[in-house]
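The sequence and structure come first.

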Amino acid sequence: MSIEIDWMAFVGVFFAALLGAAAIVTFYATGLRLLVRAGRIPVVTPAEFTDAITILTEKQVRRAERQAAKAAKKSPLSAGQKRLALIGAYACFVLCALAVIAGILIIVVGH
């Protein structure tokens, strides 16, 4: 019994996965950056887990929200530039989601 590996196919899959991962991370990071530039700083309230390493108190959460609101007011961008940054952020998130969906379809459907 002999097992043969198609190394060229393996290399092709490796580079496709590397490129896909880089594209998803790039789109997501760019989307977050544009979202912040648009003045919509995401503040995520942490979940309360019993085995969590660090749990933020309500005071810490309120402080983070105040800092986010203060940073949003300091933005040197005009209203039009903020709107354009927000549209760009949403476009980046859509591209990120499409890249993930395309990867899933390639796995499920095949070639």
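A search of the whole structure, which is a predicted model, finds zero disulfides. Cys 92 is in no disulfide, and the nearest cysteine sulfur to that of Cys 92 belongs to Cys 96, 9.0 Å away. A pair of cysteine sulfur atoms counts as a disulfide within 2.5 Å.

Are these two cysteines buried or exposed? Cys 92 has a relative accessible area of 12%, and it therefore counts as buried, the cut-off being under 20%. Cys 96 is buried as well, with a relative accessible area of 10%.

## Overall fold

The chain has three helices and zero strands. Read along the sequence, the pattern is α-α-α. Of the 111 residues in the chain, 12% are buried.

## Nonpolar core

The largest nonpolar core consists of five residues: Leu 35, Ala 38, Ala 85, Leu 86 and Ala 89. Helix H3, residues 79-109, gives the most to this core, with three residues. In soluble globular proteins, nonpolar side chains tend to be buried together.

Ala 85 is a core member that lies in helix H3. Its relative accessibility is 8%, so Ala 85 counts as buried. Leaving out residues up to four places away in sequence, Ala 85 touches Leu 34, Arg 37 and Ala 38. Ala 85 and Leu 35 are 50 residues apart along the chain, and their C-alpha atoms are separated by 6.7 Å. Ala 89, also listed in the core, is in contact with Gly 31, Leu 34 and Leu 35 when neighbours within four places in sequence are set aside.

## Val 94 in helix H3

Val 94 is placed in helix H3. Val 94 and Tyr 28 are 66 residues apart in sequence, while their C-alpha atoms are 9.3 Å apart in space.

## Largest pocket

The largest pocket holds about 320 Å³ of space. The elements giving two or more residues to its lining are helix H1 (7-37) and H3. Which of them gives the largest share? That share, seven residues, comes from H3.

The lining is made up of Val 13, Ala 16, Ala 17, Gly 20, Ile 24, Ala 99, Val 100, Ala 102, Gly 103, Ile 104, Ile 106 and Ile 107. By class, the lining of the largest pocket has ten nonpolar residues, two polar residues and no charged residues.

Methods
Residues are numbered from 1 along each chain as its sequence is written. This is a predicted model: local features need pLDDT of at least 70, side-chain atom pairs count only at pLDDT 80 or more; totals for chains, interfaces and linings use all residues. Side-chain values use heavy atoms; hydrogens and water are left out. A nonpolar core is a set of buried Ala, Val, Leu, Ile, Met, Phe, Trp, Tyr and Cys residues joined through side-chain atoms within 4.5 Å. Buried means under 20% relative accessible area, exposed over 50%, partly exposed in between (1.4 Å probe, protein chains only). Helices (H or I, at least four residues) and strands (E, at least two) are DSSP runs, numbered from the N terminus. Contact means heavy atoms within 4.5 Å. On a 1 Å grid over the protein atoms alone, a cavity is a set of points where a 1.4 Å probe fits but cannot get out, and a pocket is an open set with protein on both sides within 12 Å along at least five of seven lines; lining residues have an atom within 4 Å of a point. Grid points are joined across faces, edges and corners, and a volume is the space filled by probe spheres set on the points. Ala, Val, Leu, Ile, Met, Phe, Trp, Tyr, Cys and Pro count as nonpolar, Asp, Glu, Lys and Arg as charged, and the others, Gly among them, as polar.
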